Amino acid sequence: MSICFAVLLFAVSGVRAPAEDGYRLWMRYDTLADANAQAWRSSINTVVIPGDSPTMRAILAELVPALSGLLGKSIAASANNTLADGTLVVGTPSTSSAIASLQLRDALAKVGDEGFLIRSEKIDGRSVTVIAASTELGALYGAFHFLRLVQTQPASGNLNISEKPRFLFRLLNHWDNLDGSIERGYAGQSLWKWNELPGTIDPRLTDYARASASLGINGAVLNNVNADAKSLTPEYLRKAAAIADVFRPYGVRVYLVPRFSAPIEIDGLETADPLDPKVAAWWKAKTDEIYKLIPDFGGYLVKANSEGQPGPMTYGRTHADGANMLAAAVARYGGIVMWRAFIYDPVPGSDRAAEAYNTLKPFDGKFAPNVILQVKNGPVDFMPREPFHPIFGSMPHTQVMPEVQITQEYLGHSNSIAFLATMWREFLDSDTYAKGPGSTVTRVVDGRLYGQTLTAIAGVANTGDDRNWTGHHLAQANWFAYGRLAWNPDMSAREIADEWTEMTLTHDRKSVDEIVRLLLESREAVVNYEMPLGLAHLMDNPHYGPGPWGYPVARPDWSPVYYHRAANDGIGFDRTATGTNAVAQYHEPLRSRYADLSTCPDDMLLWFHHVPWTYKMRSGRTLWDELCLRYQRGVDWTGDARKRWDALAGIIDAERHTAVARKLVIQQRDAKWWRDAGLLYFQTFSKQPFPADVDQPTRTLDEVKALDDYGHPQKAKK
Ligand SMILES: CO[C@H]1[C@H](O)[C@@H](O)[C@H](O)O[C@@H]1C(=O)O
């Protein structure tokens, strides 16, 4: 009951148009003023939502205030099945006799357990709109879809929509630590407020679940992949169970990251060797304990033998041994294990980009049926641009799922606009050529190429307890974009940007178009001023500003110098046969296209090749000039974006407009910082002048190096 009340309060507050602090995300239900609204207004009068389960109550609590707000009239709700003209009926054939009367069995079967139908129908001579699904969760997703239509589309008396998600598991991964901090989080502290649970439950958890469900996200991994064993203690399991109770009506299932050495750390076992029967029994008992508290627990996500985390190899076993042991523990309950492929532990001279493939490929076909290999989009680490990870399309007998990063670890944290749908589109559309042309990453991971039965996608969340959830107002668009692509990986970046902008910022068409353009250009701008032409990993230690000169690190492959390989003879990482030959991990003809300097795309050039400074690019410029120009282009975009954003004053509420404008000032400053750092440093090798159309840096390399981690002058470096 209290959950419903909180939802209602939140949604109703939308009608009252509170301060525009961004809290409402894209679920903004202020009265529509345009001509579209008029038509919707006359087609919807009442909602009929029979059923009294928590999910049906959540639908009611969402739809009634939302429609009342959007349409600017009071919408009556009823749980009985009486229909009139203008009734919106929501439910399943078993909750609604009206829906049962429509004989939708075949159509519903086609959209599966989580899909839905939205139709304009005549029932008993009445013109009604129906949101029908096989399950209540499907009905909830349909309700959110319907609200999105009202927010973004002209009304239609002839609706005939059927939707179903393409991935079975659509997860957010939260790198939340138990002390409330978030690894690579830039929007405040953990939303979970671990220390208050289970006694106090922040109503905000309901709003998180609503926002996720509004996109069809159906799972949340609650704790950091760099896991603390404590997350599996009875104390923390009770906290996780309290979160699961809040999420359940919204279909968001809870998952946990177990620390592989937990049997030792929690219960003093002598080993965590996955082939030791006592260890396997410990995990089975632990899993029983979890399912007792959380009956719909989703399963485990594991980072093993990577960056200091323990794993099966610690005990002389393999990744498959470790994954399968945990898989056996959850299989009895229908749970899954997502085993991360982010594995590297370099031997001197090796290529980090090649390691995961080399380590895991021998185990193709050796993982249990409820294991999915979770693979980052690129082979190094969420860089602003990377080629796709060569595991996609190379392990046909293993279920694989992509992991993308929503939080902007390498793209300006929460200070920069970098709309990531364009990056994810590029990744999903990449052709692996695994079974000839057209073997895109999407077709590998959605099960069409190899018929894998468990399909999934994960995004590392950018949420925190900042009032606007994501630190930067426009970063909300990345949470949204991830969810939309997880539902339908074929959506275009433009479509997503358009929807989000209409729902979140303004209905003014000209302004929407302008904001969409800004969003679509933004990621490429960041690539340009940070790491153009296939460069990667040039950032300084907090992964924010530039640090191409390197810094003291525990291992060579954490240093930018390892990646850019700038020297007097040129720049770039040779991954062809004359170098590490990592390019051989790709299928033909891609392998040859990347390996040949004359066919390698400019955007991947320095990823695969070490290229002389004077090399003639396709543009006719030398590599050095082209590099300078790309940096400059990135900087110019930030100046341009500021002007274009400023011109939107008065269209977007002042609070959010000003907040974004302030962030753009920082972004422009950072872009110049990146350009100056990159060009001044690389110039020490290229020994070439800056081309005339590139701004001359106004400071020296030493001055740039003296800036602190966040680009502020004169502070002592940590
Ligand atoms: C959670 O650890 C992160 C780490 O903070 C990040 O810098 C690295 O790139 O990736 C790791 C991973 O994905 O495991």
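**C-terminal domain**

I started with the UniProt annotation "domain: Glycosyl hydrolase family 67 C-terminal", which comes from an unreviewed entry and covers residues 470-693. UniProt positions are given in the numbering used here, feature names are shortened, and annotations may be inferred rather than shown by experiment. I found the span to be 53% helix and 0% strand, with its end C-alpha atoms 36 Å apart. For helices I used DSSP runs of H or I with at least four residues, for strands runs of E with at least two, both numbered from the N terminus.

A note to myself on the ground rules: this is a predicted model, where local features need pLDDT of at least 70 and side-chain atom pairs count only at pLDDT 80 or more, while totals for chains, interfaces and linings use all residues. Residues are numbered from 1 along each chain as its sequence is written, and side-chain values use heavy atoms, with hydrogens and water left out.

**N-terminal domain and the open sheet**

Next I looked up "domain: Alpha glucuronidase N-terminal", a UniProt annotation from an unreviewed entry, on residues 25-146. Here the chain is 41% helix and 21% strand, and the end C-alpha atoms are 17 Å apart.

I then traced an open sheet of 6 strands with mixed pairing, in the order β2-β1-β3-β5-β4-β6; two strands pair if DSSP finds at least two bridges between them. Which strands stand at the edges? They are β2 (76-78) and β6 (160-163); each has a single partner strand, so one side of each is left without a neighbour in the sheet. The twist averages 20° from one strand to the next, with axes as lines fitted to C-alpha atoms (for helices over the stretch in contact) and angles running from 0 to 180 degrees between N-to-C directions. Strand β4 (residues 116-123) pairs with β6 in the antiparallel sense, over 4 bridges. I also noted I118 opposite I161 in β6.

**The barrel**

I followed 8 strands that close into a barrel with parallel pairing, in the order β7-β8-β9-β10-β11-β12-β13-β14. On average, neighbouring strands of this sheet are turned by 25° against each other, direction ignored. Y255 has G299 in β10 as its bridge partner.

**The ligand**

Which residues come nearest to the ligand? Of the 15 around it, I listed E183, K303, K376, D381 and E409; near means that a heavy atom of the residue lies within 4 Å. The shell holds 8 charged, 3 polar and 4 nonpolar residues (Ala, Val, Leu, Ile, Met, Phe, Trp, Tyr, Cys and Pro count as nonpolar, Asp, Glu, Lys and Arg as charged, and the others, Gly among them, as polar).

I looked for polar contacts, meaning pairs of N or O atoms within 3.5 Å. An N or O atom in the side chain of R184 is 2.8 Å from a ligand oxygen. For the side chain of Y410 I read 3.1 Å, and for that of N226 3.2 Å. Taken alone the ligand exposes 340 Å², and the protein buries 97% of that (Shrake-Rupley method, 1.4 Å probe).

Most residues other than glycine have a negative phi, and most peptide bonds are trans. I found a cis peptide bond from L197 to P198, with omega near -5°; P198 is in the loop between β7 (169-173) and α7 (204-215). The bond from E588 to P589 is also cis, with omega near 5°, and P589 lies in the loop between α18 (560-564) and α19 (590-595). F382, not a glycine, has a positive phi of about 50°.

Terms used: Polar contact = N/O pair within 3.5 Å; in protein donor to acceptor, adjacent residues only side chain to side chain.
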